[in-house]
Amino acid sequence: MATPRVLHAQDAQPQSVQPKSPPPVTRAAPSVEDVATTPLSDLNIRKKAVPDILLRAQAAPYGLAGMKRCAALQKEVGQLNAVLGEDVDAAQRSGRKVIPGKVAQDLVGGILPFRGIVREISGANAENRALQQAIYAGFARRAFLKGVGLQKGCGYPARPG
């Protein structure tokens, strides 16, 4: 007689696949997709959405609502790190001077005659300026929260590393 198999809760649960998070908006090297769609970005057909966390940072870069505990500070700094890339206290220097993706993107961007004028007329430059302002607000918010975390005695990432 065969021994009956005992099913455990984890046996009945399918393995969840975690979705890949998008790359930081501040990454130095463009992807192959970024290079290929440069003309679409120049014509403002392909738009980059400003992440919600950066819009919130822009609205209240020095706000402390909901930031009474270290866990809340760590969570928000972690979310900012995911969008902005690691802070200067954790970033590693690559030593690489030429980034091939940037060179390729500039070459593809050079195909469009009067690129600067086209980007201004299409609104692509205005959209890029709005993204840059949100990124700066995100940097300010992260630095502020790390200072608050340091003062409260929180652990990393809610304090400088």
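Visitor: Which residue follows helix 8, and what is its phi?
Guide: This is a predicted model, in which local features need pLDDT of at least 70 and side-chain atom pairs count only at pLDDT 80 or more, while totals for chains, interfaces and linings use all residues. Residues are numbered from 1 along each chain as its sequence is written, and side-chain values use heavy atoms, with hydrogens and water left out. Helices (DSSP runs of H or I, at least four residues) and strands (E, at least two) are numbered from the N terminus. Helix 8 is followed by G153, whose phi is positive, near 80 degrees.

Visitor: What distance does helix 8 reach from its first C-alpha to its last?
Guide: The expected span of a helix is 1.5 Å times one less than its number of residues. Helix 8 has 29 residues, and its reach is close to the expected value, at 42 Å.

Visitor: Is R142 buried or exposed?
Guide: R142 lies in helix 8, which covers residues 124–152. Buried means under 20% relative accessible area, exposed over 50%, and partly exposed in between, with a 1.4 Å probe and protein chains only. The relative accessibility of R142 is 2%, so this residue counts as buried.

Visitor: What is the geometry of the aromatic pair formed by Y62 and F144?
Guide: Rings of Phe, Tyr and Trp (its six-membered ring) pair if their centres lie within 6.5 Å; planes under 30 degrees apart count as stacked, over 60 as edge-to-face and the rest as tilted. By this rule there is one aromatic pair. Y62 and F144 lie 5.3 Å apart centre to centre, with 85 degrees between the planes, and the pair is edge-to-face.

Visitor: How many residues apart are Y62 and F144?
Guide: Y62 sits in the loop between helix 4 (52–59) and helix 5 (70–84), whereas F144 belongs to helix 8. The pair thus links distant parts of the chain, with a separation in residues of 82.
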